[in-house]
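The following paragraphs lead the reader through one structure, beginning with a strand and its partners and moving on to a ligand and several individual residues. Please keep the sequence and the three-dimensional view at hand.

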Amino acid sequence: MEQYGNFAYIYDELMDDVDYEKWVNHIENLFIENGVKVKNILELACGTGNLTIPLARKNYDIAGIDISEEMLDVALNKSENMGIPLVLLQQDMVKLDFDIYDLDCILCACDGFNYVTSLEELKGIFSKSYELLKNGGILLFDISSYYKISKILGNNFMGEARENIAYMWSNYYDDKTQLIDMDLDFFVKVQADDEEEDNLFERYHETHQQRAHKINEIESILNEVGFKNINCYGDFSILKPDEKSERIFFTAIKKKGN
Ligand SMILES: C[S@@+](CC[C@H](N)C(=O)[O-])C[C@H]1O[C@@H](n2cnc3c(N)ncnc32)[C@H](O)[C@@H]1O
C-alpha cells in the first residue's frame with residue numbers, strides 16, 4: 001500500500017489552509033501548561049517539516065523521523081532553501097531505532113499516530129518513547145479523533161479541482177476494526193514546454209489507512225507504559241475534548257519515583 005510517495009510533492013500545496021504557526025504556538029502552550037522546559041525534541045512522522053522547520057527556527061534542537069523518503073526529500077529541500085539545517089532520518093517509528101537518551105520532548109503531530117493501526121504497535125512506540133525521554137520529559141501528540149474518522153471522514157467522498165492539481169478521495173470506514181481506508185486519486189499538471197501539452201495531467205493513486213483511536217484506549221496504554229500526568233485537550237484549546245472535537249492533543253510525562 002503506497003502512502004506518501006508522489007503525494008509528498010503536493011502535500012504542502014494541499015495543506016496550504018493549515019495554520020502551522022498556530023500549531024507551533026499550541027505546542028508551546030502545552031509545554032507551559034504541563035510545566036516542562038523543552039530544549040531538545042525528537043519529532044516522529046515529521047513529514048515535510050512543517051512543524052520541524054519553525055521549531056528549529058525557534059532554537060529547539062530538533063531531529064525528525066519519517067517513513068517516507070519523498071516526504072523527507074521535500075523537508076530537506078525546504079530546510080536547505082531556508083538555510084535551516086535539520087537532522088532527518090528515514091525510519092518506521094514502529095521499529096524506532098534511536099539511541100540518544102534523556103530527551104526533553106517526543107512529538108508526533110497531525111495524525112502520525114493514526115497511521116499506527118494496531119494498539120500493540122502504538123504501545124511499542126509509547127514504550128520506546130518512555131525509554132528515550134528524560135525523567136520529567138514530555139510525550140506530546142495529536143490525532144484525528146474517533147468522531148472525525150468515523151463520522152466526518154466516514155464513508156464519504158471528497159474532491160477538489162485546482163488549476164494544477166485535482167483529487168478524488170473516497171473513504172471506507174469499518175467500525176468493527178476502527179480502520180479507515182482512504183483511496184486517493186490525484187492528477188498533477190505536467191510541466192510542459194509545448195503549448196499542445198499544456199493540459200496534460202499525470203494520475204497517481206495511493207491508499208492510506210488510519211485507525212480511529214478512542215481516547216480511553218490511548219490513555220490506558222500510556223498508563224500501562226508508566227506515563228504519569230496524562231492529559232488530553234480538544235482541538236487547539238487547553239480544555240478537555242468534547243464528543244465533537246476533531247483533533248485531540250495528548251500530553252504524558254515520564255515520572256520515575258515519587
Ligand atoms: C499527515 S502527515 C503529517 C506530517 C507532519 N507531522 C505535519 O504535521 O505536516 C503523516 C506523516 O506520517 C508519516 N508516517 C506514517 N506512518 C509512519 C511510520 N510508521 N513511521 C514514520 N512515519 C510515518 C507519513 O509518512 C507522513 O509524513
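This is a predicted model: local features need pLDDT of at least 70, side-chain atom pairs count only at pLDDT 80 or more; totals for chains, interfaces and linings use all residues.

Two strands pair if DSSP finds at least two bridges between them.

Strand β1 comprises residues 40-44. Four of its five residues are buried, so β1 is largely enclosed by the rest of the structure. On one hand, β1 pairs with strand β2, residues 61-66, in the parallel sense, and five bridges connect the two. Within this pairing, N40 has D61 of β2 as its bridge partner.

Attention may now turn to the ligand. It is surrounded by 16 residues, of which Y11, A45, D66, D92 and M93 are the closest. Sorted by class, this shell consists of eleven nonpolar, three polar and two charged residues. Several polar atoms of the protein can be located relative to nitrogen atoms of the ligand. For D92, a polar side-chain atom lies 2.8 Å from a ligand nitrogen. For M93, a backbone N or O atom is found 2.9 Å from a nitrogen atom of the ligand, and for A109 a backbone N or O atom lies 3.1 Å from a nitrogen atom of the ligand. On its own, the ligand has 600 Å² of accessible area, and the protein covers 96% of that area.

A45 is found in the loop between β1 and α3. Its relative accessibility is 22%, and A45 therefore counts as partly exposed, since the buried class ends under 20%. Most residues other than glycine have a negative phi. A45, although not a glycine, has a positive phi of about 55°.

The loop between β1 and α3 also holds N50. Is N50 buried or exposed? With a relative accessibility of 15%, N50 counts as buried. The side chain of N50 takes part in a polar contact of 3.0 Å with the side chain of D12, and in another of 3.3 Å with the side chain of T48.

A second residue with a positive phi is D111, for which the angle is near 80° although D111 is not a glycine. D111 lies in the loop between β4 and α5, the latter spanning 119-132. At 11% relative accessibility, D111 counts as buried. Its side chain makes a polar contact of 3.4 Å with the side chain of Q210.

The last stop is E160, located in strand β6, residues 157-161. E160 has a relative accessible area of 32% and is therefore partly exposed. Along the chain, E160 and L14 are 146 residues apart, while their C-alpha atoms are separated by 9.9 Å.

Definitions and conventions
Residues are numbered from 1 along each chain as its sequence is written. Side-chain values use heavy atoms; hydrogens and water are left out. Buried means under 20% relative accessible area, exposed over 50%, partly exposed in between (1.4 Å probe, protein chains only). A residue is near a molecule or strand if one of its heavy atoms lies within 4 Å of it. A polar contact is a pair of N or O atoms within 3.5 Å; within protein, one must be able to donate a hydrogen and the other to accept it, and residues adjacent in sequence count only if both atoms are side-chain atoms. Accessible areas come from the Shrake-Rupley method with a 1.4 Å probe; for residues, only the protein chains shown count as cover. Ala, Val, Leu, Ile, Met, Phe, Trp, Tyr, Cys and Pro count as nonpolar, Asp, Glu, Lys and Arg as charged, and the others, Gly among them, as polar.
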